Amino acid sequence: MLALALGISCPLMANAYTQADVKKWLEENKAATVSFKDGDVITYTDRDKIKAFVPPGYESIMNFEGMKVVVRDPTDLSPSQDYKTATTKFQSKVSLASDGSLVGYVAGEPFDVASLKVGDPTSGIKAAWNFNYRWQGQGLSSDPVHWVWVRAGGEHEGHELRKNKDYGSLFGGGGSFNRALWSSYKRVYFNHRADLPDQHYKLKGSMSRDTEFRELTSFYEPFDIAGTAFMILRHLKPNKADDSWAYVPSTRRVRRISVEAKTDSLLGTDHTLEDFFGFAGRVMEHDWEYAGTARILGVARSRNPNTVFTGPNGWTPDDDWELRTTDVFIQKPRSASHPYSIKYIFADRQNHTSYYSAAFDQSGELWKVWQQSRTWSEDPQGLGRKNMSETASGLNINMFQSINVVDVQNNRGTLVPTQNAFYPKDKLSKIKRGMDVNKLTEGK
């Protein structure tokens, strides 16, 4: 009653959703009839038309008075020809070792999605490996990346980010901004590169030795965090822990950080390092279960160059929502100290990118829901990006646009939109300079 009196829009409380509710929704989704067509604008009065295609926990965030959800028919979002060629060449040679690690993997899609079956004990980890080795080209770069704490209720018109002439118009709707950070981000894949068949599917040089990828995040605003940076190195050996380093200006030193930090709250946000892209952890640290397929509405081909937010709490993208068929698989952490009991991940069946995920706490109650928005590289929003390679046409990547999490138990969210995100093909010399650990001190 107090929330209603104050005009605060509250999401569905976590204890209203259990894992049994998700399983029930998956069954209803299979039988649901599509009653909308391409280009229809769904408003609050006819929101029931899309109910069966909005994953559990997100319906109350997506549906609100004034909503205008533009629905789109599914389109072809299959990966690049390089990735397809590598899949054809190597997929038949890939298998699982007794511990779930990959045997014979070189590049492309590890496992045919047609082989994934509910009840098959190997299908969950196969889906996880497909997701891990989805087509990403060289990797994502973006500057700036915003990290925005948004709490339900109130408004943020007076916040400095809202006043910013370049990006302020993107942050509409309600919700109060408690804090906003600015950073740059870059990830580079060194091995299993389908686009490098003439280099044995990897980058040249010693940096590629036992390295799947490196990623660098550098913060430069506000002043109290400026210069802070961290780098992660993911090893090719599936059971080898990541190497991680951080630079904090007050110490003026680069320090190794604990691998356990990837499941801690990241800088006080509602994200952990492991949550990004839907799942950014190590596959072998979890058990996996395949839950089948589901048709969901996702921002797969954004009509906007950057995510535009709306809604009573400013958590919801104002965009086109395409009906996509996804593989649903369940992450089950083995560590007793992990904050989640399980996490559902919905990944596109064509290209394995994630649009949605939902985590349950250790008591079995829904805790967090993530929505990811993406831009298609072949659309003007993608091809027109600065720094995209001269051969960007045909890249065929569902380009990362934003990842937005809502803590439904505590009525708060964290938005992480990228601006000017692109997927370059850099010279080796530039990659070596940019991914060196010494790079961490450049913001000092």
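**Exercise 1.** Determine in which sense S15 and S16 pair, and over how many bridges.

*Solution.* Strands here are DSSP runs of E with at least two residues, and helices are runs of H or I with at least four, numbered from the N terminus. Two strands pair if DSSP finds at least two bridges between them. Strand S15 (residues 342-348) is antiparallel to S16, with 6 bridges.

The model is predicted: local features need pLDDT of at least 70, side-chain atom pairs count only at pLDDT 80 or more, and totals for chains, interfaces and linings use all residues. Residues are numbered from 1 along each chain as its sequence is written, and side-chain values use heavy atoms, leaving out hydrogens and water.

**Exercise 2.** Find how S16 is joined to S17.

*Solution.* S16 and strand S17 (residues 366-376) run antiparallel and share 5 bridges. Tyr356 has Gln371 in S17 as its bridge partner. This hairpin has 5 residues between the strands, and Gly364 takes a positive phi near 90 degrees.

**Exercise 3.** Explain why S16 counts as largely enclosed by the rest of the structure.

*Solution.* Buried means under 20% relative accessible area, exposed over 50%, and partly exposed in between (1.4 Å probe, protein chains only). In S16 (residues 354-360), 7 of the 7 residues are buried, so the strand is largely enclosed.

**Exercise 4.** Identify the residues with the most contacts inside the largest nonpolar core.

*Solution.* A nonpolar core is a set of buried Ala, Val, Leu, Ile, Met, Phe, Trp, Tyr and Cys residues joined through side-chain atoms within 4.5 Å. The largest has 53 residues, and Ile50 and Val369 have the most contacts inside it.
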